[in-house]
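Visitor: I have a sequence and a model on my screen, and I would like a tour. Could you walk me through it?

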Amino acid sequence: MSDHEDKHEESLLENISEKVKGHDLSSSSSDSDDDKPSESSMKAKVFRLFGRERPVHDVFGGGKQADIFLWRNKKISAGALGVATVIWVLFELLEYHLLTLVCHLLILALALLFLWSNAATFIHKSPPHIPEVQIPKDPVLEFAQALRFEINRGFAILRDIASGRDLKKFLSVIAGLWVLSIVGSWCNFLTLFYIVFVLLHSLPVLYEKYEDKVDPLTEKAWHEIKKQYAVFDAKVLSKIPKRPLKEKEKKKD
């Protein structure tokens, strides 16, 4: 009887120990599961330039224009950059004029086609096939509609800034326009357009390649800018008298 009782007690102890181990394993697995979302949330909170949450290719539209800016098709990207460089050299360095260039190109094209059409009868060859060129209606209307939408949105943003609701946005826009006016005094519109075009063909692809190194640096710079703005807000902006909300509501009424 004593042996039977000892065996029964041992079996009870084994069952209890197994239950304790199973509880520990389940609790450890639940703890690990609880840790996983925290790690994923930490990864989701990684600082990205301009607060983007999508790849650089999607930020640029994800279409052919994104492939050109990010050099996915090197021939088209190099061709676009080459054409822009030729145009800039013609109009800026050689001081060629647009109307003169268009007239010279039309003279050359018309002269070649005219001579070819008349010489075809003498050399017994078919005359050149001159296609009928027409501007399609739908793309022009879509472009005009998109341009109209963007202009109206720009007017709405300017109206919102001028209404005095957001001082931070007002100061940032004023600073941006001031910097743009300084850059505009250094060079004309064509040179500025060419510089922007070259930057669009170089900076995005470099950022996509080294974004893991660029984002931490921009995060530090952004925190420093916010710190300096907080100091400026405490010393200057907070001392500017603001109109009470009741006066604004009365004027609206």
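Visitor: Thanks! In which helix is T191 found?

Guide: First, a word on the source: this is a predicted model, with residues numbered from 1 along each chain as its sequence is written, and side-chain values use heavy atoms, leaving out hydrogens and water. Local features need pLDDT of at least 70 and side-chain atom pairs count only at pLDDT 80 or more, while totals for chains, interfaces and linings use all residues. Helices are DSSP runs (H or I, at least four residues), strands are E runs of at least two, and both are numbered from the N terminus. By that numbering, T191 sits in the helix covering residues 189-200, α8.

Visitor: Is T191 buried or exposed?

Guide: Relative accessible area decides this: under 20% is buried, over 50% exposed, and in between partly exposed (1.4 Å probe, protein chains only). T191 has 12% relative accessibility, so T191 counts as buried.

Visitor: Which residues does T191 touch, not counting those up to four places away in sequence?

Guide: A contact here means heavy atoms within 4.5 Å. With residues up to four places away set aside, T191 touches W88 and E92.

Visitor: What arc do the buried residues S77, A84 and F91 cover around the axis of α4?

Guide: In α4, S77, A84 and F91 are buried. The arc is taken from the directions from the helix axis to the C-beta atoms. These residues lie on the same side of α4, because their arc is only 85°.

Visitor: Which exposed residues does the face of α4 turned away from its buried side carry?

Guide: The buried residues of α4 have cover that includes α3 (64-69), α5 (98-119) and α8. The face turned away from that buried side carries exposed residues, namely K74, K75 and L93.

Visitor: Which residue just after α4 takes a positive phi?

Guide: Most residues other than glycine have a negative phi. In the loop between α4 and α5 there is a non-glycine residue with a positive phi of about 55°. At 60% relative accessibility this residue counts as exposed, and its name is E95.

Visitor: And what is the phi of W71?

Guide: W71 is in the loop between α3 and α4, and at 27% relative accessibility W71 counts as partly exposed. Although W71 is not a glycine, its phi is positive, at about 60°.

Visitor: Which residues does UniProt list for "transmembrane region"?

Guide: UniProt positions are in the numbering used here, feature names are shortened, and annotations may be inferred rather than shown by experiment. In the model, residues 76-91 are 100% helix and 0% strand, while residues 97-116 are 95% helix and 0% strand. The unreviewed UniProt entry lists residues 76-91, 97-116 and 170-200.

Visitor: Which element has the lowest mean pLDDT?

Guide: pLDDT is the predictor's confidence in each residue, from 0 to 100, and the protein chain has a mean of 77. Where pLDDT is low, the predicted coordinates should not be read in detail. Residues 23-44 stay under 50, with 0 contacts beyond four places in sequence. Among the elements, α4 has the highest mean pLDDT (91), and the lowest (48) belongs to helix α1 (residues 2-44).
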